[in-house]
Amino acid sequence: MRPQAAELYRMLTLRHWTERLFKIAAVATLVIVLATLAALLLNAVTDGAGRLSWQFLTSFPSRKPEEAGILAALVGTTYLMILTAVVAVPVGVGAAIYLEEYAKKGWFSRVVEVNIANLAGVPSIIYGLLGLELFVRAMGLDRSLLAGALTMALLVLPIIIIAGREALRAVPPSIREASYALGASRWQTIRYQVLSLAFPGILTGSILALSRAIGEAAPLITMGALTYIAFLPDGLLAPFTVLPIQIFNWVSRPQKGFFAAAAAGIIVLLVVLLLMNALAVYLRQRYQRRLYL
Amino acid sequence: MLLRARRKRVGERALQFSFFLCGALSLLTTFGIVAVLIFETVEFFAEVSLLEFLTDTQWTPLFAQKHFGILPLLSGTFLTSAIAILVAMPVGLVCAIYLSEFAPEPVRRKTKPVLEVLAGIPTVVYGYFALLFVTPLLQTFVPSLSGFNALAPGMVMGIMIIPLISSLSEDAMYAVPQSLREAAHALGASRLQVALRVVVPAAFSGIAAAFLLAVSRAIGETMIVAIAAGQQPRLTLNPLVPVETMTAYIVQVSLGDTPTGTLEYRTIFAVGTMLFFSTLILNLFSRSLRERIRERYE
């Protein structure tokens, strides 16, 4: 009996220590991942902080690295995002309303659903090819702000639809039933009850979808957005550039001086992203408090 | 009164129809993508034989001596994606197992959003990091590493994909019924044994789905490889030399001023078709695997 007990004891100790070891290894892995994230951010900040200045924010790109600025890209990104939102949010919310509130659970809504899920997984550069052929060439919009915004709108549409559906689904059916019981029509119910309750969720989802789009360079490069622009876009059909394209352009230059400009551009891009995410969090909290008190 | 009610009814119908159109637009998008890709690709194959496209070992459409073999671009894509998966899969899985089976609830709740930050960082930022931080760092250990290579962007892409793998695998593990864990514990299994021999096998299709989705993401990733992997199509599996991926090639052509309607212009659509259908197949497989677990446990 005794040797068996000793054997069991040894096994249990071994088991105890493997488990310990796994936990330590797992925590170490997590720490390494988070440290990489910190290194990524710190690296850009230390490389670019010295280059960041008012002059950088208000100057056009230049052949001389020390004079190059980000104004055209910053303004281009702002215009592009506003235009994208104007196109994508109403359409996305409309599609979400159709799928959640009107569509019968048949083969059609099933096809649309699978299709949206697949569109969300299509590489962004493919949307660039679509934009190039459809908006730039077939519709003759050239490499304009409008063509870019339409391309980006198609890219973020699936994300907005998915977020919108989640927000609509979170509205309890009892609210709809109460509204119908009071004699409201379907649209009145949607307009005055469902949408007002789902509004914060839709808003947050849309802002997060746009913050995904703001960092995208590949589809815009593919549809032909310019990389060097020394003026501000003055209309829907004007050529444009955006922050990630400008950063890409500076990173791919051979002169070392442009790397600092790229890093400073990255800081600007990250700050814009941070502000958008903070806005999403703030809006969600603010409206939720109001609605449920 | 009746008239107003009828007018209201017509208005409601019109609204419903416009919402329907919004939903149908997503179908049109897919249709548009497929139509554009197929149209240009058919034009491309009117001039280049499919056999050359699939078997030639050189890709030089922009040179005087033109070769249209996609193999070098495929090998570049395969190489960077494989490195990314080799980094992301073990790390993501360990994170998922730890967070789902071991971590105390507060740690879990705080770690998840921080991991998600990794997925939200723009890919140009990762590209900058790969080119100017990771490559020089690796060069101190591997002096033969060239300034542009597959290794650094692959690794950085792996870091970007970690949250995708860890959160999808964690969801799959979370869906494993508690009764399975309890049964294993009752038979004397330790927590690690339960995690590795009960939960992971039970969540296998979810983990496989995460893997497929990660591969699809890696294949379609553009800016990291366009910045840090170089733009030299080369049929090699050596991670230390410059290569070019399918996505990076599309960027390279788009940056130059290739006239529309030429054969060079059509190459990006032929490459795009390859890219679109390979990611589509992976996404569809991944989705059907995820639906299978949902059916089994819900």
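Student: Where is A:E67 found in chain A?

Tutor: In this predicted model, A:E67 lies in the loop between α2 (54-57) and α3 (71-102) of chain A.

Student: What makes A:E67 count as partly exposed?

Tutor: Set its neighbour count against the cut-offs. A residue is buried with 20 or more other C-beta atoms within 10 Å, and exposed with 12 or fewer. A:E67 has 14 C-beta neighbours inside 10 Å, so it counts as partly exposed.

Student: Now helix α1 of chain A. How do you know that its span agrees with what a helix should give?

Tutor: Helix α1 of chain A (residues 2-48) has 47 residues, and at 1.5 Å a residue these should span 69 Å. Its end C-alpha atoms are 69 Å apart, so the two values agree.

Student: Which residues of α1(A) are buried?

Tutor: They are A:A26, A:L30, A:V33, A:L40, A:A44, A:D47 and A:G48.

Student: Let's zoom out. What makes chain A more spread out than a compact globule?

Tutor: Start with the make-up: chain A has eleven helices and zero strands. For its 293 residues the globule rule gives 19 Å, yet the radius of gyration is 25 Å, well over that, so chain A is more spread out than a compact globule. Its C-alpha atoms fill a box of roughly 90 × 65 × 40 Å along the principal axes.

Student: What does the radius of gyration of chain B look like against a compact globule?

Tutor: Chain B has 24 Å, while a compact globule of 298 residues would be near 19 Å. Its C-alpha trace spans about 80 × 70 × 35 Å along the principal axes. As for elements, chain B has twelve helices and zero strands.

Student: What domains is chain A divided into, and how far apart are their centres?

Tutor: The assignment for chain A gives domain 1 (2-51) and domain 2 (57-292). Over C-alpha atoms, 38 Å separate their centres. Six residues of domain 1 of chain A are in contact with seven residues of domain 2 of chain A. On the domain 1 side, those residues divide into two nonpolar, two polar and two charged.

Student: And which domains does chain B have?

Tutor: Chain B is assigned domain 1 (2-47) and domain 2 (71-297). The centres of these two domains of chain B are separated by 33 Å, over C-alpha atoms. Their contact takes seven residues from domain 1 of chain B and eight from domain 2 of chain B.

Student: How many residues does each chain bring to the contact between A and B?

Tutor: Chain B brings 63 residues and chain A brings 62 residues. On the chain B side, helix α1 (residues 2-47) supplies the largest share, 18 residues. By class, that side of chain B has 39 nonpolar, 20 polar and four charged residues.

Student: Last one: which residues touch the most other members of the largest nonpolar core?

Tutor: Of its 182 residues, A:V156, B:Y128, B:V156 and B:A214 do. Helix α6 (residues 145-169) of chain A gives the most to this core, with 17 residues. Leaving out residues up to four places away in sequence, A:V156 touches A:T84, A:A88, A:A209, A:L210, A:R212 and A:A213.

Methods:
Residues are numbered from 1 along each chain as its sequence is written. Chains are lettered from A and ligands numbered from 1 in the order in which they are written. This is a predicted model: local features need pLDDT of at least 70, side-chain atom pairs count only at pLDDT 80 or more; totals for chains, interfaces and linings use all residues. Helices (H or I, at least four residues) and strands (E, at least two) are DSSP runs, numbered from the N terminus. The expected span of a helix is 1.5 Å times one less than its number of residues. Two residues are in contact if their C-beta atoms, placed from the backbone, lie within 7 Å. Ala, Val, Leu, Ile, Met, Phe, Trp, Tyr, Cys and Pro count as nonpolar, Asp, Glu, Lys and Arg as charged, and the others, Gly among them, as polar. A nonpolar core is a set of buried Ala, Val, Leu, Ile, Met, Phe, Trp, Tyr and Cys residues joined through C-beta atoms within 7 Å. The radius of gyration is taken over C-alpha atoms; the globule rule is 2.2 Å times the number of residues to the power 0.38. Domain bounds come from an automatic or database domain assignment.
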